[in-house]
Amino acid sequence: MQATITCNLVKLMKFLQCRGISISVRTCSSSVGNPVKQECPPQTPPYLTLHGQWPSTDRAAFLTGMTVLPNFITEAEEQSLLDEIEPYLRRMRYEFDHWDDAIHGYRETERKHWFPANRAIFDRVKQLAFAGETLPYIHVLDLTAEGVIKPHVDSVRYCGTTIAGLSLLSDSVMRLVRTNDEEQTNADYRQIFASNREDKYWSDVLLARRSLYVMKDIARYKFTHEILAGQDSIFKEQHVDKGRRISIICRNDP
């Protein structure tokens, strides 16, 4: 386990350094007597906020399992992806009914074959976010400015431990709320957060345009996730101007 975490951390540090993103490393020691190696409590990164009373174990696991990399792709790479998918999306209608009532105001498709320049982007995603192979088909989800993704946990029948998504065209706010159900999509649950909010703990995550989010392990299985509607898109007391949003999502085998 420690070797896997170290390997992933090295990959992340190399990627950030290649992108010119500065990083700092903390060390912890005892201030009394001889220095004693201690576990550093995980810091809350700037792209998310934590709310409610978090158990320390869940907090640490969540901060490991939910990562956002800003500016993972350039403006030119974003445009290259749009140039490839927009002709297909334009032939589709936006839908307002979903088989599990999880999404409203969307259209979606899957693609297996990509232009070489765009395939190189997904190769980077695979190298950074996944330890092994990803599913061959990549999910493209186009959400209108008024569209929403309601709280749900992606079915364990369709994807494995890790989900990685590129955010195109717009910033948005993703909310993740702790649940005990690993496949929670029913309508009754969606009312629990509103009625028993004081009993919950959750995180709001800023998904900036052209960022990559990686959701795995406890964040993948033990938290519902949703994309907040425009009027509810608040992050650190600032309104986030959510417009039309396209997410391109990679998954691994169930």
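The model is predicted, so local features need pLDDT of at least 70 and side-chain atom pairs count only at pLDDT 80 or more, while totals for chains, interfaces and linings use all residues. Residues are numbered from 1 along each chain as its sequence is written, and side-chain values use heavy atoms, with hydrogens and water left out.

**Salt bridges**

- The whole structure contains ten salt bridges (a side-chain nitrogen of Lys or Arg within 4 Å of a carboxyl oxygen of Asp or Glu).
- One of them pairs D58 with R178, with the closest N and O atoms 2.8 Å apart.
- D58 sits in helix α2 and R178 in strand β6, so this pair ties together parts 120 residues apart in sequence (helices, H or I of at least four residues, and strands, E of at least two, are DSSP runs numbered from the N terminus).
- D58 and R178 are both buried (buried means under 20% relative accessible area, exposed over 50%, partly exposed in between, with a 1.4 Å probe and protein chains only).
- D142 bridges to R107, with the closest N and O atoms 2.8 Å apart.
- D142 lies in strand β4 and R107 in strand β3, so the pair links parts 35 residues apart in sequence.
- Shared partners join E86, R107, D142 and R244 into one network of salt bridges.

**Positive phi angles**

- N71 is not a glycine, yet has a positive phi of about 50°; look for N71 in the loop between β2 and α3.
- R210, also not a glycine, has a positive phi of about 70° and lies in the loop between β7 and β8.

**Cysteines**

- The structure holds zero disulfides (pairs of cysteine sulfur atoms within 2.5 Å).
- C159 is buried at 2% relative accessible area, and C250 is buried at 7%.
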